[in-house]
Structure formats: C-alpha cells, structure tokens
Amino acid sequence: MGCTRYSSPSGYVNEGNYSCAADLAVLAHVDLEQPRIASIVRTYTAVLPFPIQGGKLYLYNNNPLLIYGYPESRG
C-alpha cells in the first residue's frame, strides 16, 4: 500500500489522509479474508435491538452490485 497515508493511527482525523483505488482494493481484499467481516458485508438485512422501549432497528443493504447479483461481488 504505497499511496496511502493516514494522519492518525485510527484514520479518524481527516486532515492529511489520502489513498488511491489500488490500495483501497488491497485493503478490501484483506478485510474480506476475515470470515466475520465477509459475512456481515454480504448480508441483505439485519434486525438489531434498539435501546428505546424495546424497539428494533431495521437495516437494509443498498449496494446495487450485491442486490442484483453482479458476478464476483462480495459486499
């Protein structure tokens, strides 16, 4: 990853951060090798407990590549 620089260890501080598409692709590939992360990003919907009065939070994946079954899409 030769064209990526984060201005802080977390990358949270935005000033001075930069990256290129090739480095982001490498990072995504490494991330998707982790089974837990891979299963999360390929999920279409999720229902999570919401702390206010026992409610639920409904989440939907809106990635068109995943929704319409683009070949080789992972999440």
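## Cys20 and its surroundings

Leaving aside residues up to four places away in sequence, Cys20 touches Cys3 and Thr4, where contact means heavy atoms within 4.5 Å. Thr4 is 16 residues from Cys20 in sequence, and the C-alpha atoms of the two are 6.6 Å apart in space. Cys20 belongs to the segment before α1, the helix of residues 21–32. With a relative accessibility of 24%, Cys20 counts as partly exposed, given that buried means under 20% relative accessible area, exposed over 50%, and partly exposed in between, with a 1.4 Å probe and protein chains only.

## Basis of the model

This is a predicted model, in which local features need pLDDT of at least 70 and side-chain atom pairs count only at pLDDT 80 or more, while totals for chains, interfaces and linings use all residues. Residues are numbered from 1 along each chain as its sequence is written, and side-chain values use heavy atoms, with hydrogens and water left out.

## Overall form

The protein holds three helices and two strands, arranged along the sequence in the pattern α-α-β-β-α; helices (H or I, at least four residues) and strands (E, at least two) are DSSP runs, numbered from the N terminus. The radius of gyration is 16 Å, whereas a compact globule of 75 residues would have one near 11 Å; the value is taken over C-alpha atoms, and the globule rule is 2.2 Å times the number of residues to the power 0.38.

Along the principal axes, the C-alpha atoms fill a box of roughly 45 × 35 × 20 Å. Buried residues account for 8% of the 75 residues, and of the contacts between residues at least 6 apart in sequence, 15% join residues at least 24 apart.

## The hairpin and its loop

Strand β1 (residues 45–50) and strand β2 (residues 55–60) run antiparallel and are joined by six bridges, where two strands pair if DSSP finds at least two bridges between them. Within this pairing, Ala46 of the protein stands opposite Leu59 in β2. In a regular strand, the side chains alternate between the two faces of the sheet.

The two strands form a hairpin with four residues between them, and Gln53 in the turn has a positive phi of about 50 degrees. Ile52 also has its place in the loop between β1 and β2, and with a relative accessible area of 55% Ile52 is exposed. From Ile52 to Pro71 the separation is 19 residues in sequence and 40 Å in space, C-alpha to C-alpha.
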